[in-house]
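Open the model in a viewer and follow the stops below. Each stop says what to select and what is found there.

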Amino acid sequence: ARIPGAGHVTHPERLPLDPAEVAALAAAVPSHYRAAVLVAAWSGLRPGEVFALRRRDLDLPTATLTVRQTLVEVPGQPLTFGPPKTTAGRRTVALPAFVVEALTHHLATHTAPGRDTLAFTTTTGQPVTASTRSTILRRARTTLERPDVTWHHLRHTGATLAAQAGATQAELMNRLGHSTVTAALIYQHAAAGRDAEIARRLSA
């Protein structure tokens, strides 16, 4: 039996943040998590990928990070790490200089030594779970008057900013770790809409 539309899931629209909002959000979270907010918003990584990064995945001299694993949470099961969501998820992503600067400070201040050490942990050195991530943003997003903001909004933000910067469809797919063009087209469309809005404001 086939049910029309059964394979289609409609997600609520996630409005991206602008750079000023990202900076404000990063400033509002505890200092232990500020670099994570910046990485999430400017790299387009999935939340589980951000919090699975280890020191060895961060090549600060070349301003890149490499996604090799993701945090896996299954109710009733121990927290584990597994491969990225898709084969395309294994990727290297370039970072802006100010994010590299924030990461450099974070690693020196909040991350234990060792190549295999998680870059982002709780204050007690534990992996940052989904519930902890939600708590972090719940307290900070009120400063933006954006009660809707989640870590997935930061991924959406990273994709939209890349599209606005002129990333091609292939470049977006590589940056986001997508194996299909669907998401890249969505972000390129969003960037085009944003450009039209900027032109409208300039002519007002």
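Begin with His 153 and Thr 150, whose side chains are joined by a polar contact of 3.0 Å. A polar contact here is a pair of N or O atoms within 3.5 Å; within protein, one must be able to donate a hydrogen and the other to accept it, and residues adjacent in sequence count only if both atoms are side-chain atoms. His 153 belongs to helix α6 (residues 151-164); helices (H or I, at least four residues) and strands (E, at least two) are DSSP runs, numbered from the N terminus. With a relative accessible area of 5%, His 153 is buried (under 20% is buried, over 50% exposed, in between partly exposed; 1.4 Å probe, protein chains only).

The model is predicted: local features need pLDDT of at least 70, side-chain atom pairs count only at pLDDT 80 or more, and totals for chains, interfaces and linings use all residues. Residues are numbered from 1 along each chain as its sequence is written, and side-chain values use heavy atoms, with hydrogens and water left out.

Next, select Arg 133 in helix α5. What lies around Arg 133, leaving aside its neighbours within four places in sequence? Pro 47, Gly 48, Phe 51, Leu 71, Glu 73, Val 128 and Trp 151 are in contact with Arg 133, contact meaning heavy atoms within 4.5 Å. The Arg 133 side chain reaches the backbone oxygen of Val 128 at 3.1 Å. Arg 133 is buried but has no salt bridge, and Glu 73, the nearest side chain of opposite charge, is 4.0 Å away. A salt bridge needs a side-chain nitrogen of Lys or Arg within 4 Å of a carboxyl oxygen of Asp or Glu; Lys and Arg count as positive and Asp and Glu as negative, while His and the chain ends are not counted.

Now turn to the rings. The whole structure holds three aromatic pairs. Rings of Phe, Tyr and Trp (its six-membered ring) pair if their centres lie within 6.5 Å; planes under 30 degrees apart count as stacked, over 60 as edge-to-face and the rest as tilted. Select Trp 42 and Phe 98: their ring centres are 5.1 Å apart and their planes at 85 degrees, so this pair is edge-to-face. Trp 42 is in helix α2 (residues 34-43) and Phe 98 in helix α4 (residues 97-110), so the pair ties together parts 56 residues apart in sequence. Phe 98 counts as partly exposed, at 40% relative accessibility.

Finally, select Phe 51, Phe 120 and Trp 151, which ring pairs link into a cluster. Phe 51 and Phe 120 are both buried.
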